[in-house]
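Good morning, colleagues. Please look at the structure on the screen while I describe how its parts are arranged.

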Amino acid sequence: MRYSFSFLIALVFLFAAHTAHAREFNLHRDTFAFSNDTAFEYGVDEQGKLHIHLRKKPAEFAHRCFVLARAVLQFYQFARFEPAQPQVSRDEYQRLVKQICRIPVWSRGPAVPVIIPGYADLHDFSVAYEGLLKENLGNWLPCYLRVGNWRMIMGHLRAGQAAAARWLCNSVDHGQPRAVYLARFPSMNHVVIPYSLDREPGGNVTFHVYDPNYPNEPSWLFYRASERSFEFEKRWYFPGGRVNVMRVYISPLH
């Protein structure tokens, strides 16, 4: 069978584009070097009870778990770092950050990735320009007013949690990290990004997740198939245990 030269060239470009998009998500490369903080001070005692107090000193960068999770996906999907290219001015980096953060996560994005010159990855860039990123990733208030946030106070059907688990497995299997909203009303209200998984007998799945409150440290989210429920590990802001999982950044309504 013969193929025209132009057809073969098109195949090469399609393969290259697919390969670039399908690169593996790396927790230490594709996330921010700094963390989100909470407006209140949290603590879990020896009995596993969560205590919440006012901070003596207000947090400098708080309420941003939605913002950081969204931005991680935007940089992963729509940006490409080119360390061999010369660095540009702070104003130009600010323009590029704003350009990336205006692209909806659920969209196909631009035909050509936004180039970030002079840095190897998001982690290195966020070390060099922490202040610039914190100032330009986005305000926390619109995240709290998102249309889909009202779901946290609702009951969650077990069938819906099973569907969320299947969706996450399929996404991760295809190299697509996703943001999920974890809720345990009224004390748990957080966003993480599952990026890899380990399947276990009986349909159980352990998802490895990026937690904006723990930079460069993997967390886990466990799906228990027999109960069709999720459990999140103990954190400084959460005693550990069952949570409800909701999909976010998959449409303007989520």
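This is a predicted model: local features need pLDDT of at least 70, side-chain atom pairs count only at pLDDT 80 or more; totals for chains, interfaces and linings use all residues.

Residues are numbered from 1 along each chain as its sequence is written, and side-chain values use heavy atoms, with hydrogens and water left out.

Ser229 is found in strand S9, residues 229–232. Helices (H or I, at least four residues) and strands (E, at least two) are DSSP runs, numbered from the N terminus. Is Ser229 buried or exposed? Ser229 is buried, with a relative accessible area of 0%; buried means under 20% relative accessible area, exposed over 50%, and partly exposed in between, with a 1.4 Å probe and protein chains only.

For the chain as a whole, there are 7 helices and 10 strands. Of the 254 residues, 43% are buried.

The largest nonpolar core has 41 residues, and Phe32, Phe75, Phe125 and Leu137 have the most contacts inside it. Such a core is a set of buried Ala, Val, Leu, Ile, Met, Phe, Trp, Tyr and Cys residues joined through side-chain atoms within 4.5 Å. Elements giving two or more residues to this core include helix H2 (65–78), helix H3 (90–101) and strand S5 (180–184). H2 gives the most, with 10 residues. Apart from this core lies another, of 24 residues, among them Ala164, Cys169, Val172 and Val205.

Next, the helix pair. The axes of H2 and H3 come within 9 Å and cross at roughly 100°; axes are lines fitted to C-alpha atoms, for helices over the stretch in contact, and angles run from 0 to 180 degrees between N-to-C directions. H2 and H3 are therefore roughly perpendicular to each other, a term for angles of 65 to 115 degrees. Their contact is made by Arg70, Gln74 and Phe75 of H2 and Val97, Ile100 and Cys101 of H3.

Finally, Gln176 lies in the loop between helix H7 (158–173) and S5. Gln176 is buried, with a relative accessible area of 13%.

Note on methods:
Angles under 35 degrees count as roughly parallel, over 145 as roughly antiparallel, 65 to 115 as roughly perpendicular and the rest as oblique. Contact means heavy atoms within 4.5 Å.
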